[in-house]
Amino acid sequence: MVQGNQKAEGEEMKKILCTMMVISVMLITRTALGKNLKYSCTFSNPHIIEYKNSTFHEYNGKDTLSIEYIYDTTTNKAYMIGNNGVSEEIAILTSSSQTTFIETTQSGNVTVTSIYPSKTNKKPSIHSRHINMLDGSVNSQFYGYCDEIK
């Protein structure tokens, strides 16, 4: 009886592994055949405006920020990968003059990244954050470049 259970468990494991392999091949094929764009962005020296106690406070930061964007042109879906992991699906607006990613968080905060065309893979970019706090808001604008990963 024990051998029968072990044999059944082994067969079940084979089915699971086979299913995982099929899914992996499908994902690899989809990625290879699909039109995915990936941008790896680095931003620095933010300009920050805080609104606190009924007053605006303005200063320059020294932070560096790294974000990646993945855009599937076939499904028109986009995702952001940052220090908090992978986002939910985000909005994307495309035109000949720019590609803009818009994330709205569950708490209602908004981030916007615009990537501008360039003759090289290094594209000028601006990343803006609009963060609401309990006692005010923090808004920042970062400047940098996004490398188009092919």
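Q: What is the handedness of the disulfide between cysteine 41 and cysteine 146?
A: In this predicted model, local features need pLDDT of at least 70, side-chain atom pairs count only at pLDDT 80 or more, and totals for chains, interfaces and linings use all residues. Residues are numbered from 1 along each chain as its sequence is written, and side-chain values use heavy atoms, with hydrogens and water left out. A disulfide here is a pair of cysteine sulfur atoms within 2.5 Å, and cysteine 41 and cysteine 146 are joined with an S to S distance of 2.1 Å. Because the torsion about their S-S bond is about 110°, the disulfide is right-handed.

Q: Is tyrosine 69 buried or exposed?
A: Relative accessible area, computed with a 1.4 Å probe on protein chains only, gives buried under 20%, exposed over 50% and partly exposed in between. Tyrosine 69 has 1% relative accessibility and therefore counts as buried.

Q: What kind of aromatic pair do tyrosine 69 and phenylalanine 101 form?
A: Rings of Phe, Tyr and Trp (its six-membered ring) pair if their centres lie within 6.5 Å, with planes under 30 degrees apart counting as stacked, over 60 as edge-to-face and the rest as tilted. Tyrosine 69 lies in strand 3 and phenylalanine 101 in strand 7, so the pair ties together parts that are 32 residues apart in sequence. Their rings are 4.4 Å centre to centre with 15° between the planes, and the pair is stacked.

Q: Which residues do ring pairs link into a cluster?
A: The structure holds three aromatic pairs. Ring pairs link into a cluster the residues Tyr39, Tyr69 and Phe101.

Q: How far from the ring centre of tyrosine 145 is the charged end of lysine 122?
A: A charge sits over a ring if NZ of Lys or CZ of Arg is within 6 Å of the ring centre and within 35 degrees of the ring normal. The charged end of lysine 122 sits over the ring of tyrosine 145, and its distance from the ring centre is 4.8 Å.

Key:
Helices (H or I, at least four residues) and strands (E, at least two) are DSSP runs, numbered from the N terminus.
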